[in-house]
Amino acid sequence: MKFQTICVLGLGYIGLPTASTFATHGLKVVGVDVNPQIVNGLQNGHLHLYEPGLRTLVQAALRSGNLIVAQQPQPADAFIIAVPTPFYEDKRADMRAVQSASEAIVPHLRKGNLVILESTSPPLTTVNLVAPILEKSGLKAGEDFYLAYSPERVLPGQILRELIENARIIGGVNPESAQAGRDLYSIFVRGEIILTDATTAEMVKLMENTYRDVNIAIANEFSRLADRFGVDVWDAIRLANRHPRVNILSPGPGVGGHCISVDPWFLVEAAPDLTPLIRTARKVNDDQPRFVVQLARQILGDLSGRRIAALGLAYKPNVDDLRESPAVEVVHLLQSAGAQVRAFEPYKTDYAFNGVASTNSLQTAIEEAELLILLVAHDQFKNLNPQEVARMTAAKMVLDTVNGWKAQEWQQAGFRVFRLGVGKTQ
């Protein structure tokens, strides 16, 4: 199947790189977003998110004339839905964006078109939600048009490379739909393209992130046990991983981002009677920020009025993505306990939330602090010189929640060092 035009709905961390990559490979692409600020910004060359290399890619796509940005879909040979799928407060999947995007395609859907859902979704979304909406066009999925699910599987910070090099799973509502998806993605994907059915593809994406969530949960529980027993969990994990069939991931202040902290709930929602382990792992990871705050209490005592610098707000190192970030939750909990928190996120210095001073420099964040808490292992934090930090702050204590600092170096600079998962002061 040949494609000349595609329409990408949703210009976030996945949709924008995908649209730009297709455009730089010669296709005419309409990138659609319902947020007028995002659309206006892109039309004027301004990006609303940070990803290494993305600005150069988007500008090249726009300059080529192959990428245009709009608020409404246009007719195309293929449509890709890459909109957010968050969850409600009760952890049920919020599929309103997928539903709206599917409805927006209906007026433009023609016989022989391909529609691909990339948004992470509960099992059966493609066949039970998207297909019936698209069939309001009078066309039949799998007969008159092709319909498939192909999950994004990229790592923030490595999106542009992994978009091209990673294996791509394409699940069709029938084999012909999966093959049409392969024809589209083979335009730029160099990794293996594997065909399956739509519901299996949905399940695979959720399984991948749920596996990691459960592994991180056991690492976080190990950190709590190590704290109680006076063990260094980081050293213990290193030794345990010498076993040829053991691979324990790293503990930390919790689990964030739009994938690992969200996807397991889609399985719990779909089959609550079959997912007690997945639910428990989610609870462990959601509770980890409270464990970090309890460590701060052990260090400072009553947190009311205590001055704390929170270093890092992103959900993982070296990105600007704050979605579901455990670091943000730690700051909120510290604030609720009465602490005076100054937060510094180098990749998003303009971030602000009620009651917390978000600073635009490290020195402003730490100069009056009593305790520095390392919440995100950004390279610039890991590479700090503790001697220089000591000259910038009144603090004499640090709490490292991500094993980002060498304790001995900070001790030599005059700091008392506390570490998550290490049941002793250093």
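Good morning, colleagues. The structure before you is a predicted model, in which local features need pLDDT of at least 70, side-chain atom pairs count only at pLDDT 80 or more, and totals for chains, interfaces and linings use all residues. Residues are numbered from 1 along each chain as its sequence is written, and side-chain values use heavy atoms, with hydrogens and water left out.

Let me begin with the helices. Two packed helices are described by the angle between their axes and the distance between the axes. Here the axes are lines fitted to C-alpha atoms, for helices over the stretch in contact, with angles running from 0 to 180 degrees between N-to-C directions. Helices (H or I, at least four residues) and strands (E, at least two) are DSSP runs, numbered from the N terminus.

The pair H4, residues 96-105, and H5, residues 125-134, has axes that come within 8 Å and cross at roughly 25 degrees. H4 and H5 are therefore roughly parallel to each other; the term covers angles under 35 degrees, while over 145 counts as roughly antiparallel, 65 to 115 as roughly perpendicular and the rest as oblique. The crossing of H4 and H5 is right-handed. By convention, a crossing is right-handed if the near helix is turned clockwise from the far one by less than a right angle, and left-handed if anticlockwise. On the H4 side, Val 98, Gln 99, Ser 102, Glu 103 and Ile 105 meet Leu 129, Val 130, Ile 133 and Leu 134 of H5, where contact means heavy atoms within 4.5 Å. By class, that contact has six nonpolar, two polar and one charged residues. In this scheme Ala, Val, Leu, Ile, Met, Phe, Trp, Tyr, Cys and Pro count as nonpolar, Asp, Glu, Lys and Arg as charged, and the others, Gly among them, as polar.

I turn to H8, residues 198-229. The axes of H8 and H11, residues 276-300, come within 9 Å and cross at roughly 35 degrees, and the crossing is left-handed. Residues making this contact include Thr 210, Asp 213 and Ala 217 of H8 and Ala 281, Asn 285 and Phe 291 of H11. The contact divides into eight nonpolar, six polar and six charged residues.

Met 203, Lys 205, Leu 206, Asn 209, Thr 210 and Asp 213 in H8 meet Asp 263, Pro 264, Phe 266 and Leu 267 in H10. Here the division is five nonpolar, two polar and three charged residues.

Next, the cores. A nonpolar core is a set of buried Ala, Val, Leu, Ile, Met, Phe, Trp, Tyr and Cys residues joined through side-chain atoms within 4.5 Å. Buried means under 20% relative accessible area, exposed over 50%, and partly exposed in between, with a 1.4 Å probe and protein chains only. The largest core has 41 residues, of which Ile 6, Phe 22, Val 29, Leu 42, Leu 54, Leu 184 and Tyr 185 touch the most other members. Not counting residues up to four places away in sequence, Leu 54 touches Leu 16, Pro 17, Leu 47, Leu 49 and Leu 160. A second, separate core of 38 residues includes Cys 7, Ala 76, Ala 93 and Leu 267.

Some individual positions follow. Gly 171 lies in strand E7, residues 168-172, and is buried, with a relative accessible area of 0%. Beyond four places in sequence, its contacts include Leu 147, Tyr 149 and Asp 197.

Ile 159 belongs to helix H6, residues 159-165, and is buried at 2% relative accessibility. Ile 159 and Gly 53 are 106 residues apart in sequence and 9.2 Å apart in space, C-alpha to C-alpha.

Leu 375 sits in the loop between strand E12 (371-374) and helix H14 (379-382), and counts as buried at 3%. The C-alpha atoms of Leu 375 and Asp 400, 25 residues apart along the chain, are separated by 7.1 Å.

Finally, which backbone angle is positive at Asn 318? Phi of Asn 318 is near 65 degrees, in a residue other than glycine. Asn 318 lies in the loop between strand E9 (307-311) and helix H12 (326-336), and is partly exposed at 22%. Glu 324, in the loop between E9 and H12, has phi near 55 degrees, a positive value, and is partly exposed at 42%.
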